[in-house]
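Please walk me through this structure, one part at a time. I have not seen it before and would like a plain account.

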Amino acid sequence: MNSELNYMIGIMGLSWIVVILAVAFTPYFIRKNISFGVSVPETEYANPRFKVLRRTYSVDCIVVGLILGVASSVCYIWITVETAVWIQLVSIFLYLAFSFLFYFSMRKKVRSIKQESDWPIDSKAVAELSGEKTSGKTIHTAWYLFYLVVIAVAVIAVVLKYPSLPDQIPMHYNIAGEVDRYAQKSIGIFAVMPIIQLLIGLMFAGINVAIRTSKRQRDFNRSNAFRGVLSVTLFAIGCMVMILLTCVQLAMVSFINEKLMMVLPIAFLIATTAICVYLAIKVGQGGSRLKGTYGKPAEAVDDDSHWIGGFLYFNKKDPSVFVEKRFGIGYTLNFGNPVSMLVGAALLVLIAALLILPLIIK
Amino acid sequence: MIIEIDMHSSIPIYKQLKTAIISAILSGQLSEDDSLPSVRQLASDLGINLHTVRKVYEMLCDEGYIRIHRSKGAEVCSPPKLAKEDLAVFESLLLPIVIELRARDISKEKYIELMNQLWEKSIKEGASNE
């Protein structure tokens, strides 16, 4: 039992480090012409007053994160694992709430600086007028058919092995690789995984379409390049998820060693983290950190009036559904567009389905 | 090439967009057979109504600047020649402006000078939008 404890603390510690890094360093990954959700001239990024704000935010987030992270991870020693997992979840939410508070206090300062400076306000709308580059080399939806192949491998393995399987199927392993939970053999318990895989695959293919149809910023070359990089990365991460889940299924019918199943999730976590760190440092939000033949970054269009709190986009006149996030990497929805509500609802249903399905087999 | 639309201008958005596209064709930044962005993409980038962009594409298609394929989208045509009936349309567009300028006591020389300036400006603007 002691090694399972260490394993859990290890996983949780790793997750905390990832969360803290992502939250604390956000001001450095985003576009330089947006500071805490307020659009500012690109040159102001180097302004010492903004430097201090960014540093203060990062330090505050790291300190609070470390306190919460260590406190909630150490409590495994005294309480049951199940209670501790809940404490972890609550602590992470608490941490995000704290980071929000820090964000808003910094945002207030940036806004007052903006008010007292007379920066030129550019509210012109811009677009690129050449058609061949407009989709920005995102990968074609047909590539996602590969996921079906990965799913099929698991399905075929189950079909082949099913008759020879024992009545009790191992469902859960402890750290030593020993089975600690069994389930009655049935087609149902093997059908859940392919359904989950299909739903996840569908979600990834949907996000790829979202990337392709997203609104581009004035920095068109970078916006296009960003789309391409993100699209390929998404496909790669999706592949890893699919292969991981297929391996879980293969382990259930003992096609692969259960010891391998202890290593694979950690390898997956590390690989995904590495990819995200690469994206944040080398690519940056909207491709703002890309070096090379992209020219100097273009000034942003000042559309602050459409951003509630600097992070929620609400513009009824804008037909865009997916727009670049202002505080973080990736895309957010235009909540002024009714289509976004449908997309948001679909996403919620999907997440609910993914959470409920595994409970059914229990 | 990048185009800009001034959202706070008194000139309607569709007119600005139409002029920007014609100007890009005129200056050679969009040449024959070049494809234009999809209606959805252009409207999304600009943050303007889909119908506005569709209307502009249809107008440009009617006037012979672009052609609209069902599969390939909009493509640039060779610039249309000025037909006699077109000239009549432009005359009727210009006449009210001439009348309004005269009503404000502009001299004929001043008017011709203004026209010359605008002519030069249209050449320069096409070249500066890269």
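The loop between helix H4 (84-103) and helix H5 (108-128) of chain B holds B:Asp105. In this predicted model, B:Asp105 has a positive phi of about 65 degrees, although it is not a glycine. Is B:Asp105 buried or exposed? B:Asp105 has 7 other C-beta atoms within 10 Å, so it counts as exposed.

A:Phe36 is not a glycine either, and its phi is positive, near 50 degrees. A:Phe36 sits in the loop between strand S1 (34-35) and strand S2 (38-39) of chain A.

Now for chain A as a whole. Chain A contains nine helices and nine strands. Its C-alpha atoms fill a box of roughly 75 × 50 × 40 Å along the principal axes. Chain A has 362 residues, and 30% of them count as buried. If one takes the contacts in chain A between residues at least 6 apart in sequence, 71% join residues at least 24 apart.

Several helices of chain A can be followed in detail. Helix H6 of chain A runs over residues 187-212. Its 26 residues, at 1.5 Å a residue, should span 38 Å, and the end C-alpha atoms are 38 Å apart, so the two values agree. Which residues of H6(A) are buried? They are A:Phe190, A:Met193, A:Gln197, A:Gly201, A:Asn208, A:Ile211 and A:Arg212. Helix H5 (145-161) and helix H7 (220-252) of chain A are among the elements that cover these buried residues of H6(A).

H7(A) also meets helix H8 of chain A, residues 260-283; the axes of H7(A) and H8(A) come within 10 Å and cross at roughly 175 degrees. Because of that angle, H7(A) is roughly antiparallel to H8(A). From H7(A), the residues in this contact include A:Phe226, A:Val229, A:Ile237 and A:Leu244. From H8(A), they include A:Met261, A:Leu264, A:Phe268 and A:Ile275. By class, the residues of the contact of H7(A) with H8(A) divide into 16 nonpolar, two polar and no charged.

With 24 residues at 1.5 Å a residue, H8(A) should span 34 Å; the end C-alpha atoms are 33 Å apart, which agrees. After H8(A) comes A:Gly284, which has a positive phi near 75 degrees.

The last topic is the contact between the chains. How many residues does each chain give to the contact? Chain B gives 28 residues and chain A gives 20 residues. On the side of chain B that touches chain A, the elements that give two or more residues are strand S1 (2-5), helix H1 (13-26) and helix H2 (39-46) of chain B. H2(B) gives the most to that side, with seven residues. By class, the side of chain B that touches chain A has 15 nonpolar, eight polar and five charged residues.

The strands take part in this meeting too. Strand S3 of chain A, residues 125-128, pairs with S1(B) in the antiparallel sense over four bridges. Within S1(B), B:Ile2 is the bridge partner of A:Glu128.

How values were computed:
Residues numbered from 1 in each chain as written. Chains lettered and ligands numbered in written order. Predicted model: local features only at pLDDT ≥ 70, side-chain atom pairs only at ≥ 80, totals over all residues. Buried ≥ 20, exposed ≤ 12 C-beta atoms within 10 Å, placed from the backbone. Contact = placed C-beta atoms within 7 Å. Nonpolar A, V, L, I, M, F, W, Y, C, P; charged D, E, K, R; others polar. Pairing = 2+ DSSP bridges. Expected span 1.5 Å × (residues − 1). Axes fitted to C-alpha atoms, helices over the stretch in contact; angles between N-to-C directions. Parallel < 35°, antiparallel > 145°, perpendicular 65-115°, else oblique.
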